[in-house]
Amino acid sequence: MSDPAAPPPTAPPIVSVVIPAYNGAALIGETLASLGEQTLTAWEALVVDDCSSDDTRELVRNWPDRRVRLIENAVNVGPVNTRNRGFAEARGRYLAGLDQDDLCRPERLARQVAYLEAHPDVVLVGAQTEQLVGRRVLPMDYAPHTTPDLIAWLSWIENPLAWSTVMVRADVARRLDPFTRPEILYAEDFDLYHRIVAFGRIARLDEPLLIYRQHEGGVSKRFTTLMRVSATRVLAEVHTPLLGEEADEVARLLVVHNMGGAPIPDGATLRRLGEAITRLQNAFVERVEPDAQSLKLIRWETARRWRQLARAALRGGKVTLGDVLASRPPHLGLGYAGVDDLLRWRAIGMARRFYRGGHGRRQDTPLQP
C-alpha cells in the first residue's frame, strides 16, 4: 500500500532494498506489502526480475507504491548476478537484502539504520528471524542472544545470519568486486560475510525483524546439495591458513553435520569433528580476545551445537555413549546434555539399530545380506 508521506522517487532514499525475483508472483505481493508498512519511509525497493515466466513483472510494474522499481534482465543470469545488478543500481546509503518470499516486520529498516548509525565500526547488521510454516509463525534455531564476537565465531562453523535480514553500508559494498561471487552459488551470502570483515565488524539485532517463509519452492529446499558444496568451499578457504590440508575435510564435516544436521556415522568421525571444533575455537579466542560476555556466549552456543551433534549421532544408532564422551571438547560445560539425555538418545539409537538388523521383521521376510 502506498504511503502518502513517502518521499518521491527523485529524493535519495536512506535504504535501498534489493529483491531478486524469478517466478515469484504468488508471494512477492506480500513481501512488497510488508515494506509498505515500514516505520522508516525513506526507502526504495529494486525488484530485479530474472526473466520470469509468470506474472511477476506485471505485478511489480503495476505496484501502487512509487518507491518500488522494476528492473528487468534481458536474459536469465541466475540469482547472484541478478542481486548484484540490483545493488549496482541502488541509490541508498544503506543496502538491504530481501528475498521475494520473505516478510519484514514494520520496525526492520528503522532499527537497522539506527544501529549502523550508532556503531560506525559495524559494516553489516542482520536480525533475529522467525519462520512461517503454513499459517504459524515459529522461532528458528539461531542463537537467541548475540554479540559481534559471537557472530564472528559462528561464521567459522556455520552461516549465522539469514540473508533477508542483512543490511550493509553502501560505500563498503561498492568496495567489493563483485559484491557477491556468482561462483559460490547458494552460499554467496555466507561468503560475503567472510569477505566484508576486511572493512569492519558484523553484528545482529536480537529482535525478530523478519519472517522467513518455509515452503517447498524455497531455494534451501530445492538446492541443498549445491548449497552444501558452496558452503564447504567457503569454510575450506577460511580455514586453510590454520588447518592446511585438513581444511577441506573439516569444512565438509561442519557443513554436513553441524549445518546440515546429518547424523555422524561413527565414533572416529565424531572425534575428528570434536577435535576440529576445539582447535578452531582456541585459535579464534586467541586471535579475537573476546570480552567476558562474548566468551560466555561462544562457549554456550558451541556447547549447544555439540549437544545437537551428540543427539543426532546417538539416535542414529552408529555411535556409542563412550564415543560421545571421549570426543566431547573439554571446554564444553554450559548447555551440554545431561546423563539422562545421553542415555535416552542411546536407547533410541540401539532400538533403531536392532530393527535395522532385522530383529523387528516378520519371520517370513528374508533378511538382506
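## Around Tyr193

Tyrosine 193 touches Leu124, Asn159, Pro160, Leu161, Ala162, Trp163, Val166 and Ile202, leaving aside residues up to four places away in sequence; contact here means heavy atoms within 4.5 Å. This is a predicted model, in which local features need pLDDT of at least 70 and side-chain atom pairs count only at pLDDT 80 or more, while totals for chains, interfaces and linings use all residues. Residues are numbered from 1 along each chain as its sequence is written, and side-chain values use heavy atoms, with hydrogens and water left out.

## The nonpolar cores

Tyr193 also turns up in the largest nonpolar core, which has 61 residues. Such a core is a set of buried Ala, Val, Leu, Ile, Met, Phe, Trp, Tyr and Cys residues joined through side-chain atoms within 4.5 Å. Buried means under 20% relative accessible area, exposed over 50%, and partly exposed in between (1.4 Å probe, protein chains only). Leu124, Trp153, Phe179, Tyr193, Ile196 and Leu254 touch the most other members. Helix α11 (residues 267-288) gives the most to this core, with eight residues. Helices (H or I, at least four residues) and strands (E, at least two) are DSSP runs, numbered from the N terminus.

A second, separate core has 32 residues, among them Val60, Trp63, Met167 and Leu205. In soluble globular proteins, nonpolar side chains tend to be buried together.

## How α7 meets α9

Let's turn to a helix pair. α7 packs against helix α9 (residues 224-243) at an angle of about 20 degrees, with the axes 9 Å apart. Axes are lines fitted to C-alpha atoms, for helices over the stretch in contact, and angles run from 0 to 180 degrees between N-to-C directions. That angle makes α7 roughly parallel to α9, a label for angles under 35 degrees.

From α7, Phe190, Asp191 and His194 meet Ala231, Val234, Leu235 and Val238 of α9. The residues of this contact divide into five nonpolar, one polar and one charged. Here Ala, Val, Leu, Ile, Met, Phe, Trp, Tyr, Cys and Pro count as nonpolar, Asp, Glu, Lys and Arg as charged, and the others, Gly among them, as polar.

## Backbone details in the loops

The loop between α6 (170-173) and α7 (188-196) holds Pro178, which is joined to Asp177 by a cis peptide bond with omega about 0 degrees. Tyr186 lies in the loop between α6 and α7. Although not a glycine, Tyr186 has a positive phi of about 70 degrees, and this residue is buried, at 16% relative accessible area.

Asn23 sits in the loop between β1 (15-21) and α1 (28-36). Its phi is near 50 degrees, a positive value in a residue other than glycine, and Asn23 is partly exposed, with a relative accessible area of 31%.

Terms used
Angles under 35 degrees count as roughly parallel, over 145 as roughly antiparallel, 65 to 115 as roughly perpendicular and the rest as oblique.
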